[in-house]
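Let's take a walk through a protein model together. Have the sequence and the 3D view ready, and follow along.

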Amino acid sequence: MATAIRPSIADVWHWLSQVPDPEIPVISVTDLGIVRNVDWDGETLVVTVTPTYSGCPATAVINLDIERRLKENGIESVRLERQLSPAWTTDWISAEGREKLESYGIAAPVDGSGAEGRLLKRIEGLSGGAALTVSCPRCGSARTDKVSQFGSTPCKASYRCRDCLEPFDYFKCI
């Protein structure tokens, strides 16, 4: 009886890079940085996932999509493990993922404003003191206003550009 060749970890990462986030389908689960590890435990593929936040409504769908993609590629035994520490941060979104968000019309999290402790980019002189500088993904202007802390999904806020007058979502920093 012939033994099936086990896919490489690189192949598995490639397959996972094709699993879209259900709320923002332009970005993959690997672009988001929520897939923390992939390894074999005997004949079982173990995929470690850190949710973006504990109440994310997409977590169950993401897990099902990961399992489905791997089974489509011949992985018969998959175990998903949830890793809560360290907590996910928007700093884990890949450079490619940030570019995909911007191309899709969603302002990517401002570099260094997530939980990794880097300095926030700030602009002074706005009412209420300092505010985060969020550039418009359409025209690049930094002259933007937050319309609402809550956008089309819990992980996004609503903004509008004062130059091109277009509304847009901003992927909030966590």
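What covers the buried residues of α4? The cover includes α2 (29-32), β4 (106-107) and β9 (167-171), where contact means heavy atoms within 4.5 Å. Keep in mind that this is a predicted model, where local features need pLDDT of at least 70 and side-chain atom pairs count only at pLDDT 80 or more, while totals for chains, interfaces and linings use all residues. Residues are numbered from 1 along each chain as its sequence is written, and side-chain values use heavy atoms, with hydrogens and water left out.

Helices (H or I, at least four residues) and strands (E, at least two) are DSSP runs, numbered from the N terminus. Helix α4 spans residues 95-104, and its buried residues are Gly97, Arg98 and Leu101. They sit on the same side of α4 because they cover an arc of only 100 degrees around the axis; the arc is that of the directions from the helix axis to the C-beta atoms. On the other side of α4 you'll find Ala95, Glu99 and Ser103, which are exposed. Here buried means under 20% relative accessible area, exposed means over 50%, and partly exposed is in between (1.4 Å probe, protein chains only). After α4 comes Gly105, with a positive phi near 100 degrees.

Now look for the open sheet of 3 strands: its order is β1-β2-β3, and the pairing is mixed. β1 (35-41) and β3 (78-82) stand at the edges with a single partner strand each, so one side of each has no neighbour in the sheet. From one strand to the next, the twist averages 20 degrees. Two strands count as paired if DSSP finds at least two bridges between them; β1 and β2 (residues 44-49) run antiparallel and are joined by 6 bridges. Val35 stands opposite Val49 in β2.

Helix α1 (residues 9-16) lies across β1 and β2, running at about 140 degrees to β1. Axes are lines fitted to C-alpha atoms, for helices over the stretch in contact, and angles run from 0 to 180 degrees between N-to-C directions.

## Two backbone spots to check

A cis peptide bond joins Ser85 and Pro86, with omega about 0 degrees. You'll find Pro86 in the loop between β3 and α4. Leu165 is in the loop between β8 (156-161) and β9. Its phi is near 65 degrees, a positive value in a residue other than glycine. Leu165 is exposed, with a relative accessible area of 62%.

## Charged pairs

Side chains of opposite charge can pair when their charged atoms come close. A salt bridge is a side-chain nitrogen of Lys or Arg within 4 Å of a carboxyl oxygen of Asp or Glu. How many salt bridges does a search of the whole structure find? The search finds 10, including these:

| Salt bridge | N to O distance |
|---|---|
| Arg79 and Asp41 | 3.3 Å |
| Arg160 and Asp145 | 3.2 Å |
| Lys156 and Asp169 | 3.6 Å |

Asp169 is in strand β9 and Lys156 in strand β8, so this pair ties together parts that are 13 residues apart in sequence. Are these two buried or exposed? Asp169 is buried, at 15% relative accessible area, and Lys156 is buried too, at 4%. Salt bridges that share partners also join Asp31, Glu96 and Lys100 into one network.
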